[in-house]
Structure formats: C-alpha cells, structure tokens
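Subject: Structure for you to look at

Hi there,

Here is the structure I promised to pass on. Please open it alongside this email and follow along.

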Amino acid sequence: MSARRSSRRTLTSTVALAAAGAVAFAPIATPAQEVAPATLEPLAIRIGATDDYTRLEFAGVVGARSRVRIDGRQVVVRIGATAAPDVSRLKVDPPAGVEKVETRAVQGATELVLTLAEGAQARTGSDDGAVWLNLYAPGRAPETPAPEAATGVAAVPVKATMAGEAVSLRFDWDRMVGAAVFRRGEAVWVVFDAPARLDMAGAADLGPAGAARWAAGADYVAVRIEAPKDLAVGVVAEGNSWTVRLGGPPSAAGGVSVDRDPSGEPALVFSMAGSGRAIWLTDPLVGDRFAAVTAVGPVKGFGDRRRTMDLHVLPSAQGLAIETVADDLSITADGDRVVLSRPGGLILSSPSALLEAAEVADGAPRKAAFPALISPDWNKTGEEGFLPRYRTLQAAAAEEAVAAADDPRAPVEKRLALARFLVGSGLAYEAIGALNALIAAQPNMLGDAEVRGLRAAARISIGRLAEAQADLSGAALAGDPSAKAWLGLIATRQGDWAEARRQFAASAAAVDAFPPEWRARFGAAHALAALETGEYDAARALIAYALSQPVGAVEQLQVRLVQARLFEKSGETDKALAVYAAVGKAPLDAVAVPARLGAVRIGLARGTLAPGTAATELEGLRWRWRGDAVELEVIRTLGQLYLSQGLYREALTVLRAAGPRMATMPGGVEIQADVQAAFRMLFLEGGADGLQPIQALGLFYDFRELTPVGADGDEMVRRLARRLIDVDLLDQAAELLTHQVEERLEGVARASVATDLAAVYLMDRQPEAALQALWTTRTTLLPSALNAERRALEARALLDLGRYDHALEVLGDDRGPEADAVRAEVLWKQENWAGAAAIYERLLGDRHLDAATPLSPVEESRLIRAGVGYSLGEDTAGLSRLAGRYAPFVAGARKPDAIRIALYDPAALTSGAGLAAAIQSSDTFTGWVEATRARFRRETGGPAPADPPARPSPAA
C-alpha cells in the first residue's frame with residue numbers, strides 16, 4: 001500500500017474517532033482529511049440547514065486546513081488566508097442559535113468569529129476534504145455518545161508519576177504492541193500500532209509537561225504531549241507496558257542504523273529489529289503530514305538527524321519518525337528492515353562522494369565531463385605500448401581492491417581508471433567484468449552515475465541492448481546528455497525511430513565530446529532515424545557530419561550504407577545502386593550483406609533482376625549473416641519473393657525460420673505478421689485452392705502451428721476439411737474436424753462442426769461414430785435450422801443401424817426436406833411402399849412444371865422410387881398421376897429405362913430382374929452423398945477460382 005493511500009485511511013479513522021474523545025479525554029483536534037477537495041477553488045464556504053441544525057463547510061485547498069476553536073459562547077474559525085472570505089449571507093441571515101457573525105485579520109490568516117446564543121451549541125469535525133461546523137439552536141443539540149460505545153475498543157490505563165523534575169507516563173497494554181516515541185517541535189509524540197481508548201484519568205497532572213491529547217484510528221492510537229524543548233525524552237519497555245519519561249537526565253538513543261540500499265537503488269534502509277509498520281499522521285497545529293514507524297521492545301531509537309531533498313529523519317527515543325514533502329514516499333517495514341524509497345528513486349548524493357580520495361598515477365584515465373561519456377584520451381598508451389599500460393593499470397586496480405576488502409569507504413578511483421581504459425580501448429567484455437567486480441565488492445557503486453554509464457557503453461558495444469538500457473534508465477543518469485546519446489543509439493537499433501530522434505536531440509551537448517568513431521556512429525544512427533521518419537534534409541546534414549569525422553574504413557562504410565538508403569528512398573536509385581555495389585564488395589560482412597540486400601531490392605523493384613536469380617542471391621545472404629535486423633530483412637524479402645512466385649511451401653519455411661528466436665528484435669513483429677498473413681491467404685482467402693487437396697493438406701499439417709486462434713482458425717480447418725470431402729478423403733477430413741470438436745470449440749460452434757463431422761462419418765458408412773459426434777455435442781439454444789439438420793443426421797445414422805422406429809421417433813413432426821428424405825428411406829426399408837412413395841412425390845414438389853430442365857440424379861432416384869412404391873402399394877391413381885406429370889422427362893433422363901419400368905410397366909416389377917434393376921437405379925444414398933458434397937462445396941466458396949488471389953509483390 002502506498003504512503004498516500006495509507007495516510008488517507010488512517011486520517012479517516014482519526015476523524016471518526018477523535019470526536020468521541022472530545023468531551024471526556026480531550027483528544028487531538030484532527031485536521032482536514034487528506035482527500036481530493038470537492039471544489040477547485042482555494043476556499044469555499046458552503047451552508048446548509050435542517051430543522052435541527054445549520055451546517056457550515058469550509059472546503060477547497062485553503063478551507064480544508066481551517067482550524068476551529070470553541071471558547072465559551074464564541075466559535076472561532078481560523079482560515080489560512082489573508083483575504084477576508086465572503087460571509088455576507090451569514091451576516092444578513094445568521095443561522096439559528098447565532099447572535100453575531102464577524103471577521104477579523106490576524107497575522108497570516110483570517111478568523112471568522114460566531115457568537116452563540118445562550119444555550120446554543122456547536123460541534124466540529126472534518127470529512128470529504130472539508131472542515132465542518134454544526135450549529136445547534138438552544139435545546140436542539142443531540143446527546144454526545146459515550147466514548148466507549150463510539151470506539152468499540154478496550155481501554156488502556158495511563159498513569160502519570162512525578163519524580164523530581166521529571167514525569168513518567170505508563171501505558172499498560174494487555175498485549176505486546178509496537179511503539180514510536182519522538183519529539184517534534186514543542187511536542188512529544190507517542191504512537192502505538194494497535195487501536196485503543198486511552199484512560200487518562202490517572203494522568204491529569206503532567207508536571208513540567210503540558211496537556212496530553214490523544215486520537216485513535218482503526219489500527220493505531222497517538223498521543224501528543226506539549227513539552228518544552230529542554231525536557232529530555234526517555235523510554236522504558238517492560239513486558240506489555242511502555243513508560244515514557246519527560247525530563248530528568250538525557251538518555252542516549254541507539255539500536256537503529258541507516259545505509260543505502262545494498263542493491264544500488266536510490267533508497268535508504270534502516271536496520272531496526274522488530275520493526276512494526278508505518279503510520280501516517282497529520283500535525284493538528286502545523287497541518288503537515290509525517291510518518292511514525294513503530295517497533296516492539298526492547299527500546300531502540302535513532303539518535304541522529306538525517307536530511308535529504310526528499311525527507312527528514314527526526315531523532316527518536318523509540319522507533320522512527322520521518323517528515324516529507326513528497327506525496328509518493330514509500331515506507332516499507334519488513335522484519336528488521338525499514339526501506340524508504342520513491343517510484344523514481346530518492347535524490348541522494350553519489351556513492352563515490354562518500355569514499356576516501358585516492359591518488360591516481362599520472363596519465364591514468366580521468367573522469368570525463370559526463371558520466372556516460374567516452375573520453376578521447378582514455379585509450380592512450382604512451383610510449384610503452386598497450387600491454388605495459390594495461391598491466392600497470394590492472395596491478396594498481398588489484399592492489400586497491402585488496403585494500404578495500406574490509407573497508408566499504410575505501411577509494412575506487414584506480415579500479416575506475418582501469419574500466420575507463422578498457423572501455424576507451426574497445427575491450428567491452430573486459431570492461432564489464434571489471435565493473436561487475438567493483439559492484440560485487442561495493443554494491444552501493446551501482447548507484448554511481450559513471451559506473452552505470454561505463455557499463456552501458458560497454459554493453460552496447462557488444463549488442464546487449466536490454467541490459468544497457470536498464471543501466472541508462474536509472475535515476476543516476478536522468479537528464480544526462482551523454483546517456484541520451486546511447487539511448488538514441490539503442491532506439492535506432494530497435495527500430496523506434498521517433499524515440500531515437502528525441503533522444504539524439506537531447507544529447508546535443510555531449511555528442512561532440514565523444515571520440516571521432518563514436519561521433520560518426522551516432523551521426524549515422526541519427527541520420528537513419530531521420531530518414532525513416534521522412535526528414536530527408538536532416539538526414540543529409542547528419543550524413544555530412546558523420547562523413548566529416550576522421551574515422552577508419554568500417555565507420556565510413558556504415559555511413560555510406562545510410563547514404564545509399566537515403567538515395568533509394570528519395571528516388572535516386574542509380575546513385576543508390578552504385579553505392580550498394582561498391583560497399584557490397586567490402587570483405588566485411590557487417591556492411592557487405594546489407595549492401596547486397598539493397599542492390600537486390602532495387603533490382604526487383606526495377607524488374608532488371610529475375611526472381612529466380614534474386615532468390616538465389618537472397619538464400620546466400622540468409623546464411624552469410626545471422627542474428628540481427630539484417631537477417632530479418634533478408635528473410636522477409638525472400639519470403640515475399642517466394643509468395644509472389646506461388647512457392648508457398650518455400651515461403652512459409654523461410655518466414656517461419658525467424659520464429660520466436662528473433663521475435664523481440666526490430667522487425668520481428670512484422671515478420672511474424674507476414675507469415676500469419678501468408679498462412680491466412682492460403683487457407684482462408686483461397687490461395688491454396690489451386691493446389692491439389694492432398695498437397696494443401698500436407699502444407700497445412702506441416703505448418704499447422706500457424707493456425708490463428710479464434711474464428712478465423714476454425715474457418716481455415718473447416719474449409720480444408722470440405723475440400724478433402726470433395727475428393728473423398730473422408731478419413732483426413734474427419735481427423736481435422738475431430739480436433740476442432742475435441743480441442744478448440746465450445747457451444748454452438750462446437751455443435752455446428754460436430755454436425756459436419758457426423759455427415760462425414762455417414763458418408764464413410766460409420767453410423768456409430770456419427771451418433772457419438774452428435775450425442776456428445778448436444779446443447780441447448782441451438783438455431784432451429786441446425787437442430788433440424790442434426791435430427792435428420794441422427795435419424796439417418798439410426799436408419800443405417802436398422803433402428804427404424806427410433807429413427808422415426810427422432811424425426812417427430814419435422815416436415816422439412818431433410819427430415820422427409822430420411823423418413824421416406826425408413827418407410828422404404830419397412831416396405832411401407834405407399835407411404836414412402838407419397839413422401840418421394842412430395843419431395844419432388846412442382847418439379848414437373850419445368851420440363852425444359854432435365855432431372856438431377858437425386859430427382860431421378862426419387863421419381864423411380866415414387867413409381868415403384870405406388871406400383872408395389874397398388875396405388876393406381878398415384879402412379880397414373882406421376883406418369884402423366886413426368887412423361888416429358890423420360891427421353892432426356894440419365895436412366896430412361898428404369899423410369900419407364902417404374903412409371904409405365906408395373907408388371908415388370910413383379911419379376912425379380914425388373915425390381916432389382918429399378919431399385920439399383922434409385923440408390924438414394926449415392927444421391928444424398930453427392931448432395932452433401934455439393935453443399936460443402938458451396939459453403940467453401942465453390943470450385944477453385946480460375947485466377948488465384950493476388951500475391952504480394954516481390955518489392956513489397
């Protein structure tokens with residue numbers, strides 16, 4: 001819990017409980033509750049009235065700090081503003097029970113004085129960010145509740161004992177509690193970390209001290225004792241009792257020590273055995289807030305006084321007392337440690353300022369002007385050369401480290417001199433090791449700005465960007481221009497161009513102090529950031545700045561790469577191609593690979609480079625340089641090139657190669673988006689429709705981890721399953737749909753896919769599996785059409801199992817086409833010829849009215865069965881009607897002989913051969929399979945398009 005939130009909670013409790021002790025125990029007059037004021041004005045006086053009393057509220061920043069004093073018949077409200085408030089309404093129309101209202105100016109404030117009528121009363125308190133005053137007419141004031149009933153906690157007796165010029169207050173608790181005792185100005189505070197009602201009857205006479213006032217919160221009780229500054233404070237802990245002595249000889253406080261956080265973070269850590277918790281209080285006279293940290297016995301206090309920019313630690317006889325002007329100070333008591341911190345860190349002096357001065361050999365690298373700056377003279381070796389220079393600095397650092405083993409205040413300058421030399425010489429790994437050893441020996445050095453800056457520079461040199469960013473983001477380097485230069489370089493390598501521009505702009509005061517090679521690198525990185533944000537003029541100026549530096553060939557080539565990129569983006573492709581060709585011949589892959597990639601990119605965009613040749617070149621670059629943004633760009637370009645050529649497997653293989661290994665690198669998110677888009681194009685947008693179904697299935701299985709989560713992924717699987725059904729690959733289709741039903745879907749979507757799965761099983765002559773798919777996915781509130789389809793499939797599965805009555809029971813009163821088709825099949829199996837024939841004729845509907853269109857295979861089968869059924873059922877009228885209606889279709893039918901037998905030659909049906917021929921010609925199962933396959937085809941989007949979907953351009 002934050003300090004502010006904690007203070008609000010305790011102050012709310014203080015306000016609620018202080019009023020109860022106002023009559024019997026004279027508690028502290030609690031100031032305004034620390035909540036957001038209800039008004040934006042500095043001072044607002046609100047007036048409201050009921051039948052029993054009038055309420056005045058003093059709100060706003062100034063009004064909430066008002067103090068109310070009741071002196072006989074006068075109520076004095078002290079307002080911390082010299083400007084007189086507007087009380088005209090009170091003067092014109094005084095509240096009931098008020099005789100006179102006036103204002104008067106006092107030093108630094110204004111007082112509002114209300115004179116009460118005889119018998120009138122006033123009550124005061126604070127709530128909701130305002131100080132309130134209730135004025136009661138004579139005889140209207142409610143009775144004050146008993147203090148014990150108001151608090152609801154046990155009483156703690158307090159007994160005062162005089163001994164010479166000293167007075168002792170003994171607090172007898174019924175359990176062990178933590179306490180804090182300290183002086184603050186002209187008062188001594190005693191704070192306990194448990195709720196209680198103090199019985200002050202035995203402490204009426206405090207001798208040299210003044211009045212004692214107390215206030216209780218939900219989880220604490222605090223006593224404020226007026227005591228002159230010359231009264232010494234002492235504390236004694238005996239079992240569950242605490243004794244506070246005021247006066248007499250002074251006693252030394254001890255047992256509490258303070259140091260910096262050993263982790264190096266800008267925080268203070270107090271070592272205090274048995275620490276309790278922090279309690280935030282508000283001084284009723286001053287109005288400021290402070291914290292008391294309690295501790296259990298034996299007595300331990302902090303006898304020193306410490307002050308920083310954020311806080312002030314007061315001397316204490318027991319526990320801790322902290323004043324602060326910061327709203328976000330955090331005080332955490334954990335066991336024997338009390339940690340003081342802020343979200344951005346405390347403002348503390350550098351740890352190196354506490355160390356002893358050290359004599360450094362002449363010529364040793366000195367501290368630079370900025371903590372994260374590399375000085376140009378750090379790598380100077382003198383006449384003796386590198387190795388003697390290195391050994392000299394290393395020996396001095398080792399000697400200093402040995403001497404500092406038992407002395408935390410020992411100097412570190414010789415070890416820092418070695419680290420500077422290593423960083424300046426480009427020995428980044430060695431520099432990191434030296435700095436880590438220094439931090440391990442003296443953890444406080446982690447808060448030193450130069451230590452963080454040197455380690456960040458070394459880490460960036462070897463590509464440890466995240467670790468370097470953590471070093472540079474600490475409070476020690478906040479606002480340092482040299483650190484901004486490094487942060488700009490990190491942002492450039494991470495592809496955050498806007499952030500890079502912002503950081504480089506803030507580093508202008510330090511960039512020119514770096515060595516020439518780093519000036520060239522910063523200039524090139526800044527130019528690239530300006531280029532990517534569309535600021536071409538700024539990019540040209542920065543490239544000129546980088547080229548003007550006296551640096552070696554490597555830095556010059558890096559700058560030329562950025563220049564070629566500028567030419568390419570500004571449309572000067574001839575110049576860009578010439579620079580890329582020249583840089584690509586360098587024997588250094590770090591610059592040659594991106595240069596050759598740029599040349600391939602331009603060649604593809606112009607159309608002067610064949611896709612096959614470009615793919616061969618990119619495949620070579622892909623294996624030649626690995627592990628950074630250049631590899632990602634090669635992979636992305638090659639993947640788009642393969643997609644444009646329809647080489648889907650090669651494209652997915654290349655794009656997937658980046659994988660999680662490079663997901664956090666610049667461009668990693670984009671390449672993951674590319675591979676997902678390619679997979680979506682293939683299996684959701686019809687890109688794979690031109691492939692053979694078995695090829696599409698193999699491609700899907702090989703890259704199935706790319707299937708997106710959610711509706712799109714489910715639709716991909718269903719589309720592929722429907723394509724497999726279309727070519728009679730029923731086992732493979734069932735496997736895909738089963739995975740969807742068992743692993744991915746729920747509710748209506750699961751029931752819908754299970755319906756398709758049941759249809760596939762029925763097409764494959766597996767009625768038991770179809771029933772299992774339907775029964776395990778039953779759910780309520782399915783759409784009516786889906787319910788009807790599921791009933792028809794369930795009845796067809798029961799039909800295949802020979803359970804005819806059960807199938808009819810499942811169909812019930814459903815008269816839809818699917819249900820009628822199954823019902824007719826059941827009646828046919830039961831040899832209910834007339835009933836089946838009537839349904840088959842009903843399924844044909846008004847088809848006889850369109851004689852110009854030939855019958856479909858399903859319609860022919862139903863016509864044959866209707867005729868056979870009427871013949872076997874001896875329904876002459878039905879057979880005549882059927883023959884008259886469908887005579888025009890016989891000549892153009894696929895099976896004219898079977899139709900003639902069924903409609904015009906009932907006698908032939910009595911022979912075994914004629915009946916067998918008619919039944920064989922009217923196989924309705926084959927017709928249902930074909931109809932179901934056609935339905936799946938329609939749901940998938942029809943046959944494969946003549947032209948495949950548009951593919952990405954190779955120059956994208």
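First, the ground rules. This is a predicted model, in which local features need pLDDT of at least 70 and side-chain atom pairs count only at pLDDT 80 or more, while totals for chains, interfaces and linings use all residues. Residues are numbered from 1 along each chain as its sequence is written, and side-chain values use heavy atoms, with hydrogens and water left out.

**Aromatic rings**

The whole structure holds 17 aromatic pairs. Rings of Phe, Tyr and Trp (its six-membered ring) pair if their centres lie within 6.5 Å; planes under 30 degrees apart are stacked, over 60 edge-to-face, and the rest tilted. One of the pairs is W486 with F514, edge-to-face with 5.7 Å between centres and 80° between planes. W486 sits in helix α10 (residues 481-493) and F514 in the loop between α12 (508-511) and α13 (516-532), so this pair ties together parts 28 residues apart in sequence. (Helices here are DSSP runs of H or I, at least four residues, numbered from the N terminus.) F514 also pairs with F522: the centres are 5.0 Å apart and the planes at 80°, so this pair is edge-to-face.

Are these residues buried or exposed? Buried means under 20% relative accessible area, exposed over 50%, and partly exposed in between (1.4 Å probe, protein chains only). W486 is buried at 0%, F514 is buried at 0%, and F522 is buried at 2%. Ring pairs link W486, F504, F514, W518 and F522 into a cluster.

**Nonpolar cores**

A nonpolar core is a set of buried Ala, Val, Leu, Ile, Met, Phe, Trp, Tyr and Cys residues joined through side-chain atoms within 4.5 Å. The largest has 74 residues, and L618, L652 and F683 touch the most other members. Helix α25 (residues 747-763) gives this core its largest share, 9 residues. Another core, of 51 residues, lies apart from it and includes I374 and A428.

**A helix pair**

Helices α30 (residues 833-844) and α31 (residues 857-872) pack at about 145°, their axes 8 Å apart. Axes are lines fitted to C-alpha atoms, for helices over the stretch in contact, and angles run from 0 to 180 degrees between N-to-C directions.

Happy browsing!

Terms used:
Helix = DSSP H or I, 4+ residues; strand = E, 2+ residues; numbered from the N terminus.
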